[in-house]
Amino acid sequence: MEAKLAVIRGDGIGPDIVEQALLVLKKIEEKFGHTFHCQDVLAGGCAIDAVGHCLPQETIDVCKAADAVLLGAVGGWKWDTLPGDQRPERALLGLRKELGLFANLRPAMIFEALADASPLKAEILAGGLDLLVVRELTGGIYFGERGTRDTPMGPAAYDVEQYAEGEVRRIAKVAFDMAMKRNKHVTSVDKANVLDSSRLWRRVVSEVAKDYPDVTLDHLYVDNAAMQLVRNPRQFDVLVTSNIFGDILSDEASQITGSIGMLPSASLAQGNFGMYEPIHGSAPDIAGQDKANPTATILSVAMMLRYTFGLGAEADAIEDAVKKVLAKGLRTPDLFTGEGTLVGTAEMGRQIAAAI
């Protein structure tokens with residue numbers, strides 16, 4: 001198989017971790033006989049420095065022409081003083097909009113070798129953890145009307161939360177389709193006791209559920225969902241929710257695994273196109289120091305192979321290699337507790353590639 005990849009290395013540790021992900025992808029090419037043509041493009045702070053804009057048109061064009069996008073991370077304190085609409089993170093919103101990436105998949109799992117890293121008690125996580133957050137990515141408050149106005153209390157700013165039925169229906173279908181491949185349980189998270197947008201969300205999700213009679217559907221208010229994630233996360237299979245709620249809950253879910261540097265994500269459009277990236281940020285304080293954990297980016301490549309290219313065996317090979325390396329006791333600084341072998345970014349990438 002031949003395919004085209006747009007590669008956005010980005011800022012901070014982005015180039016460090018993407019380099020190791022591409023090393024692993026090269027090993028997949030060699031073992032399984034595939035060819036991935038990679039083209040580097042700029043987005044984020046590095047694009048601001050190079051061309052004065054966080055998301056150049058060339059980047060959008062190359063990404064649209066590719067079969068998938070691999071992204072490292074964007075942002076950093078270097079650009080923190082820029083106005084909000086000019087900051088590196090705006091590149092992510094622009095990519096999601098331009099590429100039609102409406103569904104964000106964030107798995108949260110406990111790797112057996114890292115179970116002790118979770119802040120939750122062992123009895124809560126007994127038997128492991130494997131849940132999937134499906135977050136709507138191109139609607140809601142992040143993309144709604146915004147502005148400022150004068151009020152009796154002084155200048156005010158506002159951001160509008162709005163969802164159309166079609167937006168809710170398509171993300172709900174993604175969640176139910178994913179549940180059919182997992183444990184057939186969907187939990188829809190909203191704030192229907194307060195928000196009109198959430199009442200529409202709950203009604204449409206319930207309508208979609210009728211097309212999936214084998215899937216159990218629950219509804220939770222977002223505050224209760226946040227509590228349940230730390231109280232009993234094993235009750236969940238697939239959680240589906242809005243842009244802002246999903247942003248918060250997926251970060252919480254990642255933290256209960258105790259290993260934010262281990263968790264990948266996929267942002268999908270209609271069809272097979274997707275953008276794949278780790279869930280963590282750019283960590284500029286350790287950029288270029290061989291300290292970053294590349295595993296989340298490597299596992300994002302596994303998600304890319306599985307969801308965009310339908311290469312299940314290749315994805316399994318990467319995931320199994322990660323488990324083997326962890327079982328050997330290799331740990332990057334974010335995971336190292338004094339036991340096992342401390343390794344850097346490059347060595348972790350080499351070890352995972354070698355284990356495929």
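Over the face of which ring does Arg-170 lie? The answer is Phe-102, with Arg-170 at 4.3 Å from the ring centre. A charge counts as sitting over a ring if NZ of Lys or CZ of Arg is within 6 Å of the ring centre and within 35 degrees of the ring normal. Arg-149 does likewise with Tyr-158, lying over its face at 4.5 Å from the ring centre.

This is a predicted model, where local features need pLDDT of at least 70 and side-chain atom pairs count only at pLDDT 80 or more, while totals for chains, interfaces and linings use all residues. Residues are numbered from 1 along each chain as its sequence is written, and side-chain values use heavy atoms, with hydrogens and water left out.

Next, rings against rings. Rings of Phe, Tyr and Trp (its six-membered ring) pair if their centres lie within 6.5 Å, with planes under 30 degrees apart called stacked, over 60 edge-to-face and the rest tilted. That rule gives three aromatic pairs. One of them joins Tyr-163 and Trp-201, whose centres are 5.4 Å apart and whose planes stand at 70 degrees, so the pair is edge-to-face. Tyr-163 comes from the loop between strand 7 (154–159) and helix 5 (165–180), and Trp-201 from helix 6 (residues 196–209), so this pair ties together parts 38 residues apart in sequence. Helices (H or I, at least four residues) and strands (E, at least two) are DSSP runs, numbered from the N terminus. Tyr-163 and Trp-201 are both buried, meaning under 20% relative accessible area (1.4 Å probe, protein chains only).

Then there are the pockets. On a 1 Å grid over the protein atoms alone, a pocket is an open set of points where a 1.4 Å probe fits, with protein on both sides within 12 Å along at least five of seven lines; lining residues have an atom within 4 Å of a point. The largest pocket has a volume of about 660 Å³, that is, the space filled by probe spheres set on the points. It is lined by 24 residues, and Pro-107, Met-109, Asp-130, Arg-182 and Glu-319 are the closest to its centre. Helix 9 gives the most to this lining, with five residues. By class, the lining has 15 nonpolar, one polar and eight charged residues.

The second largest pocket holds about 560 Å³. Of its 29 lining residues, Val-74, Glu-89, Leu-92, Arg-96 and Arg-106 are the closest to the centre. Here helix 4 gives the most, with four residues.

How values were computed: Buried means under 20% relative accessible area, exposed over 50%, partly exposed in between (1.4 Å probe, protein chains only). Ala, Val, Leu, Ile, Met, Phe, Trp, Tyr, Cys and Pro count as nonpolar, Asp, Glu, Lys and Arg as charged, and the others, Gly among them, as polar.
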